[in-house]
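Trainee: Hi! Could you walk me through this one? I'd like to look at it together.

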Amino acid sequence: VRAKRGEGPRDLRAELRRRPSLEQLCMARLVLVLLALFCAVSSAFQTSAFRRGPYAQAALTMSAADSLATQLRAQSDDELTVQVDEARAALYDMRHKRATRQSVKTSDYDSTKYKISLINTILAERQRA
């Protein structure tokens, strides 16, 4: 450590005391490694717990999306338009509840929007055919 102009030996001693020792640096590295390991393990555990937990059925998988599409394709155009109107009304109600600070499941937004877009896609396919 070089002394700057105007610094006496007491300032150098104080600066040397402020620097971490090799043991402190090793301990800090160990803590960081353990923290990173803990975060990796906990995120993996949360992901696997999410798949097995109560929300597993609510997650929309590809097979569930395919089955919803096949169910909607089996319905007539009139039934689909009624379902679109009901879904839009439900979406409006959810927005109204959120604006008035009532409790709303936020996951219902995405599923309702998905259902509306799927029905509109099916209706557009039928018009093109």
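Trainee: Leaving aside its neighbours within four places in sequence, which residues is Thr-112 in contact with?

Mentor: Thr-112 is in contact with Ala-87, Leu-91 and Met-94, once its neighbours within four places in sequence are set aside. Contact here means heavy atoms within 4.5 Å. A word on the source: this is a predicted model, where local features need pLDDT of at least 70 and side-chain atom pairs count only at pLDDT 80 or more, while totals for chains, interfaces and linings use all residues. Residues are numbered from 1 along each chain as its sequence is written, and side-chain values use heavy atoms, with hydrogens and water left out.

Trainee: Thanks! Where does Thr-112 lie, and is Thr-112 buried or exposed?

Mentor: Thr-112 lies in helix 5, and its relative accessible area of 12% makes it buried. Buried means under 20% relative accessible area, exposed means over 50%, and partly exposed is in between, with a 1.4 Å probe and protein chains only.

Trainee: Which other residues of helix 5 are buried?

Mentor: Besides Thr-112, the buried residues there are Tyr-109, Ile-116, Leu-118, Ile-119, Ile-122 and Leu-123.

Trainee: And which ones are buried in helix 4?

Mentor: In helix 4 they are Leu-80, Gln-83, Val-84, Ala-87, Leu-91 and Met-94.

Trainee: Let me zoom out. How many helices and strands does the protein have?

Mentor: The protein has five helices and zero strands. Helices (H or I, at least four residues) and strands (E, at least two) are DSSP runs, numbered from the N terminus.

Trainee: How much of the protein is buried?

Mentor: Buried residues make up 12% of its 129 residues.

Trainee: Back to the pair. At what angle do the axes of helix 4 and helix 5 cross?

Mentor: Roughly 155°, and the axes come within 10 Å. Axes are lines fitted to C-alpha atoms, for helices over the stretch in contact, and angles run from 0 to 180 degrees between N-to-C directions. Helix 4 and helix 5 are therefore roughly antiparallel to each other. Angles under 35 degrees count as roughly parallel, over 145 as roughly antiparallel, 65 to 115 as roughly perpendicular and the rest as oblique.

Trainee: What span should helix 4 have?

Mentor: At 1.5 Å a residue, its 23 residues should span 33 Å, and the end C-alpha atoms are 33 Å apart, which agrees. The expected span is 1.5 Å times one less than the number of residues. Helix 5, with 22 residues, reaches 32 Å from its first C-alpha to its last, close to the expected 32 Å.

Trainee: What about Arg-98: buried or exposed?

Mentor: Arg-98 is exposed, with a relative accessible area of 57%. Arg-98 lies in helix 4 and, leaving aside neighbours within four places in sequence, is in contact with Val-104 and Tyr-109.

Trainee: New topic! Where does Arg-101 lie, and what is its phi?

Mentor: Arg-101 lies in the loop between helix 4 and helix 5. Its phi is near 60°, a positive value in a residue other than glycine. Most residues other than glycine have a negative phi. Arg-101 is also exposed, with a relative accessible area of 79%.
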